[in-house]
Amino acid sequence: MMLYLEKKHDPRKNEKLIAEVTNRRLDMKQALLETDRLYEHNRYEPATEATIPHASQFPFFQKWKAAFWRFFLTVKSITAEIMLNTYVDDLGKPYPEWKPLLDEEYSHLMKVARKVNVEDFGAVGDGITDCTEAFEKAIGSGHALVQVPAGIFITKGIRLPSFTCLIGQGKNKTVIRLHDSSPKGTRLISNRNHWRGNRNILVQGMSLDWNVERLGNTEKTSTWGNHSSCLTYANVTFGWVLDVEGINPGLHCFDISSTIYNYSGDGYRARGGSRYIWLDQLNGYGFGDDGITTHHSDNILITNSHMCDPSGRAHKKGFSNSNGIEVDDGSKNVWLINNSTTRCFGGVEIKAHDSSSAACNVQIIGHLSVNDNRSYNFRHIGHHKASDPESKTAYNIKATNLVALAPIYSDLYKDSTPRCLVVSAYKNVAINYFTLIGDPEYDYTGNPVVAIQYRSRNVALNNVTVRHFKKAGMDIKVFGGDNRSDNVAISNVMVVDSAPQAIQIGSDILNASIENIRASSKNGKIGLKTEQPGIFVSNFQADGYRVPLSIAGEEMRTI
């Protein structure tokens with residue numbers, strides 16, 4: 001089943017679409033218990049204290065910059081921690097263990113003292129009048145529920161104090177658009193005080209148009225840090241963004257951030273991160289970098305949202321790491337539930353830059369990726385090669401009920417080959433129920449569909465279905481050599497009429513297991529190939545392959 005998801009796709013349909021594509025409705029409570037067991041079986045306990053990166057890891061300028069961040073911007077160490085619990089309600093809907101605390105704060109927010117309408121302060125939704133002053137007067141010092149009627153309201157940016165609700169009439173009905181004279185770095189909506197922080201802020205029911213057209217043909221549409229976005233929460237505790245659309249931002253549609261992005265080295269993260277934030281029913285497109293992104297923030301819930309069609313104009317043309325949903329530097333305890341992405345570089349990317357701590361403790365429950373270049377991409381840049389320092393913070397990912405449909409080449413990142421899944425540098429990754437469907441006519445130029453690589457460890461794939469990647473090289477490849485992965489468990493896999501080679505395990509891998517595999521092909525070459533002996537293989541059946549199994553050079557029919 002192939003889908004085309006439009007910009008205005010209703011993301012509330014994602015859960016149903018995932019069930020239709022997979023032809024499976026999971027008992028979510030049971031499925032999550034399975035994922036937990038899979039994760040615990042393969043999990044490695046990291047060191048409890050982070051250490052300062054060794055000076056030799058950085059050239060002089062980077063060492064100076066890292067020292068600057070650490071000293072002047074008051075950062076703190078980060079360690080990988082035990083993952084928090086996910087619960088399932090009576091309707092089968094999963095939620096993080098801290099969600100009741102956020103719900104309680106929402107009830108406090110709904111008791112704000114003033115309820116006002118921006119039209120009463122002079123706002124006119126005619127798409128022409130500058131309404132900046134009217135919004136400022138209506139919002140005041142906060143403790144207000146500010147209603148915004150249908151119309152197009154022009155502003156030079158809106159800054160929300162604590163205990164403020166900004167509520168429109170819905171996407172495409174209430175539109176807030178940046179004024180033509182707004183500088184490139186303008187945030188269309190943000191909280192008022194990024195340094196001291198704010199709390200209890202709600203934005204709901206509107207479209208946010210960053211008006212990128214005002215910049216003309218400028219080569220780069222963003223400035224620096226968390227500027228140039230439709231909505232930025234920086235140092236916000238208890239926040240909600242519900243039923244909102246982000247349109248053509250210079251950088252991000254929605255950025256949940258610390259006061260300033262932090263690059264003080266692996267093992268450190270910024271102070272002033274946001275905490276307890278819920279993003280629900282969001283749409284975003286035309287973003288210069290990412291649709292939804294998180295940085296140095298904790299306890300984030302992203303549900304029922306759809307991101308697609310980035311412009312990539314925050315980057316040099318052809319080198320745009322524009323992701324639908326990106327869980328980035330220093331983020332911790334992030335849940336992604338029943339979201340969708342399409343035509344992005346990465347559908348979901350969990351990552352960090354080399355000079356920052358990796359995102360950790362991330363749980364994905366239900367995601368639909370359609371025609372993204374890399375459906376799911378987990379990596380800590382600069383910590384991949386044998387000569388690189390090992391990541392201190394790239395730990396702990398659980399994923400349940402993922403779908404990757406037909407990844408494709410993209411002009412966003414011109415030399416990036418399509419993949420359904422890439423795991424690099426991360427440890428403790430458990431993926432349970434994963435459906436991968438390719439276009440049998442699409443040329444994947446002999447590349448693998450799934451790549452477990454670059455010093456990743458403790459990676460488990462279970463209940464995997466792969467089909468129709470006929471022009472790929474292999475369906476699942478675990479890379480060996482100096483940058484090898486290790487401790488990889490692949491179980492309960494069904495491969496149907498897909499790549500010439502189903503599974504390949506590279507050289508020098510010390511610990512891998514392959515169990516309960518059913519692979520069928522009409523004209524396959526090799527069912528399973530391992531480069532060395534000692535790989536645990538049990539109940540592997542390959543039909544229609546010229547060589548069903550090749551174990552360290554020895555051809556076999558079955559195990």
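The largest pocket holds about 370 Å³ of space, a volume being the space filled by probe spheres set on grid points joined across faces, edges and corners. A pocket here is an open set of points on a 1 Å grid over the protein atoms alone, where a 1.4 Å probe fits, with protein on both sides within 12 Å along at least five of seven lines; lining residues have an atom within 4 Å of a point. There are 23 lining residues, and L251, H252, D289, H315 and H353 lie nearest the centre. By class, the lining splits into 7 nonpolar, 10 polar and 6 charged residues.

This is a predicted model: local features need pLDDT of at least 70 and side-chain atom pairs pLDDT 80 or more, while totals for chains, interfaces and linings use all residues. Residues are numbered from 1 along each chain as its sequence is written, and side-chain values use heavy atoms, leaving out hydrogens and water.

On to the cores. A nonpolar core is a set of buried Ala, Val, Leu, Ile, Met, Phe, Trp, Tyr and Cys residues joined through side-chain atoms within 4.5 Å; buried means under 20% relative accessible area with a 1.4 Å probe, protein chains only. The largest one has 104 residues, with I189 and F378 making the most contacts inside it. Strand 36 (residues 536-551) gives the most to this core, 6 residues. A second, separate core of 20 residues includes L32, V112, I167 and W335. Beyond four places in sequence, F378 has contacts (heavy atoms within 4.5 Å) that include V348, I364, L421 and Y426.

Now for helix 4, residues 99-109, where K99, L102, E105 and L109 are buried. Seen down the helix axis, these buried residues fall within an arc of 120°, so they line one face. Among the elements covering them are strand 3 (94-96), strand 12 (198-209) and strand 20 (298-303). Helices (H or I, at least four residues) and strands (E, at least two) are DSSP runs, numbered from the N terminus.

Finally, two single residues:

| Residue | Relative accessibility |
|---|---|
| G330 | 0%, buried |
| N338 | 10%, buried |

G330 sits in the loop between strand 22 (323-327) and strand 23 (332-342). Its C-alpha atom is 9.3 Å from that of G273, 57 residues away along the chain. N338 belongs to strand 23, and its contacts beyond four places in sequence include P11, E15, N304 and I365.

Technical notes
Buried < 20%, exposed > 50% of the residue type's maximum accessible area, 1.4 Å probe, protein only. Arc of directions from axis to C-beta. Nonpolar A, V, L, I, M, F, W, Y, C, P; charged D, E, K, R; others polar.
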